[in-house]
Amino acid sequence: MSLVLHRIDDRLIHGQVVVGWGQPLDVGFIVLVDDTVAESDWEQELYRMAVPPEVEVYFETAQSVVGRSAGFQADPRPGVLLTGDIQTMLQLVRARVVRAVNIGGVHHRAGRTQRLRYVFLAPDEEELLREMEREGATVTAQDVPSTRPMPLSEVLDSEGVY
Amino acid sequence: MSDAEPVERPRAIVAGHAQFAHGLVSAVQQITGRGAVFHPVSVVDLSGPDIEALLRDTMLRMDIRVIFTDLQAGSCTMAARRLLRGMDDAVLICGVNLPTLLDFVFATGVPDSQAAQHALERGRAAMNVTTSSGSAPGT
């Protein structure tokens, strides 16, 4: 079944991921790609506590996941790959680990402009997303499965709340 | 001597997705008239650090050491767990329901952290299933 969702979400594992996507997709494992979390036992325990016992969580760095991606793709269970930021996901697109990117949650921070209710982007982050498309990836925004996946061009043209 | 009702101090935060917290606290108010025991925090599209800052500020400002949240995997729960790290006198109860809050309201004379743990047990016990052959707890 392999990885069925590659999501940028600054909250990483949370309700939308575990319940909103996890239940309809019958997710069996989550690959959490974050260099800080990968080095912290406490952070890993925090995220493990948030998932049902039948869902396995793998903690990877942006570098280590590249070498392990073939194994994840061959896994018979449906899986979700998460990054907490756009830059990390771009690294995985460039490494040909990811071909379709879901923008799931990039929240307010100084210097960012609101594009959707759950997407705020700085100019350099918008350029990184465009770069993903130039690298051949499909980039859409969609917080939960019941909403329409919005193409990147439409996201970047948006100026308010959807 | 005044006839005014004593103002109740918030003793716990209720935090959750969308309007979950405000809804639960409004139900407590309707049933007991003592919704002020809880400070509801409704979270819509905030980042993890922003939720953590919001909860921290509320706890310190109101001198609260008990947090009730809605969902094990929820952002409020994750933020509260980070917040409680090293805060020895604080308690997080996850998966809150109305019976839990009602028990907490009436638990006075004991530390709030102890009242919260008692309320958790009452909230668990209050769940049951009813079928045509009768009721059974939590089956």
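In which sense do S8(A) and S9(A) pair, and over how many bridges? In this predicted model, the two strands pair in the antiparallel sense, over 2 bridges. Within this pairing, Ala141(A) has Met150(A) of S9(A) as its bridge partner.

**The sheet of chain A**

S8(A) and S9(A) belong to an open sheet of 7 strands in chain A, whose order is S3-S2-S4-S1-S5-S8-S9 and whose pairing is mixed. At the edges of this sheet stand strand S3 (56–60) and strand S9 (150–151) of chain A, each of which pairs on one side only. Strands of a sheet pair through backbone hydrogen bonds, in either a parallel or an antiparallel arrangement.

| Strand pair | Sense | Bridges | Bridge partners |
|---|---|---|---|
| S2(A) and S4(A) | parallel | 5 bridges | Leu32(A) and Leu82(A) |
| S8(A) and S9(A) | antiparallel | 2 bridges | Ala141(A) and Met150(A) |

Strand S8 (residues 138–141) of chain A presents two faces: Val139(A) and Ala141(A) form the covered one, whereas Thr138(A) and Thr140(A) form the uncovered one.

**Chain B**

Chain B contains 5 helices and 6 strands, and from the N terminus on its elements follow the order β-α-β-α-β-α-β-α-α-β-β. Its radius of gyration is 16 Å; a compact globule of 139 residues would have a value near 14 Å, so the two agree. Along the principal axes, the C-alpha atoms of chain B fill a box of roughly 50 × 50 × 30 Å. Of the 139 residues in chain B, 36% are buried. Among contacts in chain B with a separation of 6 or more, 61% are between residues 24 or more positions apart.

**The contact between the chains**

How many residues of chain B are in contact with chain A? There are 13, and they are in contact with 14 residues of chain A. On the chain B side, helix H2 (48–62) and helix H3 (75–84) each supply at least two residues. The largest share, 3 residues, comes from H3(B). By class, this side of chain B has 4 nonpolar, 6 polar and 3 charged residues.

Methods:
Residues numbered from 1 in each chain as written. Chains lettered and ligands numbered in written order. Predicted model: local features only at pLDDT ≥ 70, side-chain atom pairs only at ≥ 80, totals over all residues. Helix = DSSP H or I, 4+ residues; strand = E, 2+ residues; numbered from the N terminus. Rg over C-alpha atoms; globule rule 2.2 N^0.38 Å. Buried ≥ 20, exposed ≤ 12 C-beta atoms within 10 Å, placed from the backbone. Contact = placed C-beta atoms within 7 Å. Nonpolar A, V, L, I, M, F, W, Y, C, P; charged D, E, K, R; others polar. Pairing = 2+ DSSP bridges.
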